[in-house]
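Hi everyone, thanks for coming. Please have a look at the picture with me, and we will walk through it together.

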Amino acid sequence: MTEPLIRLEEVTKIYPGMEDPAVETLNLAVEPGEILVLVGPSGCGKSTTLRLINRMIEPSSGRIIYEGEDVTRGDPNELRRRMGYVIQQVGLFPHRTIAENIATVPRLLKWPDKKCRARADELLELVSMDPATYRDRYPRELSGGQAQRVGVARALGADPDVLLMDEPFGAIDPITRDRLQNEFLRLQGELKKTIVFVTHDVDEAVKMGDRIAILRERSEIAQLDTPERILTNPADDFVGNFLGSGAILKTLTLRRVGDIELSSVPLLRPPVDREQALRLLEETGERNALLLDRAERPLRWVDRRALNSFRGNLDAARPSVSVLVQPEDTLHDALSGMLQNSMGCAVVTDRGGKYLGVCTIESLAQLLIDTGKEAEASRA
Amino acid sequence: MNGLQSWWDYLSVRGDMLAETIGETLLYVGSVTGSAGLLALTVAILTRHRPFAKELCLAIASVFLTIPSLALFTIFIPILGLGFAPSFVALFLYAILPILRNSVAGLDAVEASVLESAKGMGMTDRQVLLKVQLPLAWPVILAGVRVSALLTVSISAIATLVAGGGLGDFIKSGLARIPLPNSFEAIWTGVVFSLLLALGIDILLRLVARWTTPRGAR
């Protein structure tokens with residue numbers, strides 16, 4: 001086991017004038033390179049816990065260890081410059097350009113101007129924003145999603161080892177949020193930062209976390225484990241209730257389409273011979289066959305009726321297969337796709353669009369049943 | 001037409017007095033807004049984390065503005081004598097409130113999330129003030145300075161009663177001689193040039209605000 005990068009030891013925080021502590025004798029270790037998600041109902045102290053790490057809130061007692069060094073005393077500003085900090089409302093400086101915002105910490109650390117500018121451009125690229133377009137703009141010209149990208153870029157300004165994120169995607173619309181989450185996970189795949197991530201959303205926790213700490217009042221850890229183990233094996237009723245009834249269903253976000261065995265369907269390739277096609281359906285007993293184009297890309301579903309009624313050339317049809325997923329997509333993505341069409345399956349292609357197989361609703365159902373049984377067995 | 005002609009005749013032989021009184025009024029505006037601004041901004045900065053002290057200072061500054069101006073100009077005569085000094089003190093006390101109120105409001109208006117992220121990135125309290133709060137509050141502070149400058153132009157007309165000079169000299173001499181010839185011409189001179197002066201200062205300070213406010217804070 002490697003040495004944890006951040007350790008909270010017996011940390012307690014009592015706000016002045018309050019009787020009950022917001023955080024009570026908390027012990028928490030964050031491993032290097034992991035995303036540790038703190039999740040819990042509102043008022044459980046998860047935000048307070050996060051803010052104790054960079055001493056935005058000073059602990060009443062206990063110790064904070066960072067990189068093996070006790071940082072409970074000493075200059076908090078110096079500590080904060082070594083940790084990126086992202087908050088829900090972003091808090092960009094309205095009077096400074098995007099590039100100046102991103103270079104805030106480098107400037108505090110007195111990097112030379114040229115290096116600050118280069119760093120800002122590099123980070124804009126990293127969060128998929130064109131530096132030439134955005135570097136000289138002002139924050140109010142950005143959408144919410146763009147602002148938070150800049151917020152993340154700014155937190156990465158001086159390349160800190162640690163990112164502290166307090167509901168970073170909480171104020172963003174669901175579609176943009178999903179995209180930002182995916183981009184952030186891709187980014188983390190390259191950067192391997194140590195991240196403490198606060199959210200109240202179980203789905204977000206499951207999606208983002210390498211490990212999840214489920215907190216109850218006074219920031220007491222109800223369970224700390226990998227998402228798989230928490231979902232299939234909640235420690236107690238509190239955790240079970242907090243995860244909600246769809247806990248097993250949520251395991252679908254943890255698996256990729258490429259992880260499961262794909263099913264096959266009857267395939268038709270151009271040129272289509274009607275008699276042969278009808279025979280193929282007859283023999284396989286399937287209702288539908290999938291028509292591919294010359295480059296093995298799925299074109300459309302073909303059933304008996306289509307074959308009988310279609311005059312003219314079937315392979316001249318436009319692509320009409322609506323649900324296409326790729327091996328990197330989660331099973332949850334595949335399921336949502338299937339629910340949108342009536343086929344009960346999603347066609348899997350590689351990145352180039354070439355047919356690989358299909359993922360059926362039956363295989364997902366079987367997977368969930370197996371997961372449930374395993375969970376049952378491990379509890380017994 | 002006749003009136004305008006006689007006003008012009010009146011003015012044309014009093015160029016020196018006009019220049020002198022305008023100079024005196026401008027001296028009041030510059031010294032009073034400068035010093036009151038410095039004091040108000042200092043107070044606003046020092047009390048930014050102390051809500052009680054902040055409210056107390058605002059209350060005191062408000063009291064000054066409620067004292068009748070005729071009284072405020074005269075009560076300092078026993079200590080300071082006649083002339084510039086008692087007028088300066090009275091105008092100074094008046095000019096504090098608009099700048100103080102705007103400085104406090106401007107500093108308070110900086111969004112909590114902006115301050116949170118500034119602190120979270122490791123800015124010291126001083127850096128937060130100088131690099132974030134003041135630049136963002138600057139246009140609001142300057143608007144307060146503008147109000148104080150205009151207030152000073154108009155109230156400085158009373159300085160003439162304590163021998164403090166300024167454009168009020170024309171108004172006083174006109175008032176004293178009603179209904180003799182040239183009395184209304186004198187009053188009009190004081191009023192019109194006070195207005196022109198106020199207009200000029202207003203435009204100038206608006207331009208200063210434009211030039212010195214960072215683009216994103218406008």
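Let's start with chain B: of its 218 residues, 38% count as buried. Please keep in mind that this is a predicted model.

What is chain B built from? It has 10 helices and zero strands. If you read from the N terminus on, the elements go α-α-α-α-α-α-α-α-α-α. Taken along the principal axes, the C-alpha atoms of chain B fill a box of roughly 70 × 40 × 20 Å.

Let's zoom in on one pair of helices. Find helix α2 of chain B, residues 15–46, and helix α10 of chain B, residues 183–212. Their axes come within 11 Å and cross at roughly 45°.

Sorted by class, the contact of α2(B) with α10(B) has six nonpolar residues, one polar and no charged.

Next, the nonpolar cores. The largest one has 122 residues, and A:Val37 and B:Leu100 are the members that touch the most others in it. Helix α6 of chain B, residues 84–108, gives this core its largest share, 12 residues.

Who sits around A:Val37? If we leave aside neighbours within four places in sequence, A:Val37 is in contact with A:Phe197, A:Thr199, A:Ala205, A:Met208, A:Gly209, A:Ile212 and A:Ala213. There is also a second, separate core of 26 residues, and A:Val257, A:Val325, A:Leu331 and A:Val358 are among them.

Last stop: where the two chains meet. How many residues does each chain bring to the contact? Chain A brings 21 residues and chain B brings 17 residues. On the side of chain A that touches chain B, α2 (76–80), β6 (83–87) and α4 (104–108) of chain A each supply at least two residues. By class, that side of chain A has 10 nonpolar, six polar and five charged residues.

That's my tour, and I'm happy to go back to any part of it.

Conventions:
Residues are numbered from 1 along each chain as its sequence is written. Chains are lettered from A and ligands numbered from 1 in the order in which they are written. This is a predicted model: local features need pLDDT of at least 70, side-chain atom pairs count only at pLDDT 80 or more; totals for chains, interfaces and linings use all residues. Axes are lines fitted to C-alpha atoms, for helices over the stretch in contact, and angles run from 0 to 180 degrees between N-to-C directions. Helices (H or I, at least four residues) and strands (E, at least two) are DSSP runs, numbered from the N terminus. Ala, Val, Leu, Ile, Met, Phe, Trp, Tyr, Cys and Pro count as nonpolar, Asp, Glu, Lys and Arg as charged, and the others, Gly among them, as polar. A nonpolar core is a set of buried Ala, Val, Leu, Ile, Met, Phe, Trp, Tyr and Cys residues joined through C-beta atoms within 7 Å. A residue is buried if 20 or more other C-beta atoms lie within 10 Å of its own, exposed if 12 or fewer, and partly exposed in between; C-beta atoms are placed from the backbone. Two residues are in contact if their C-beta atoms, placed from the backbone, lie within 7 Å.
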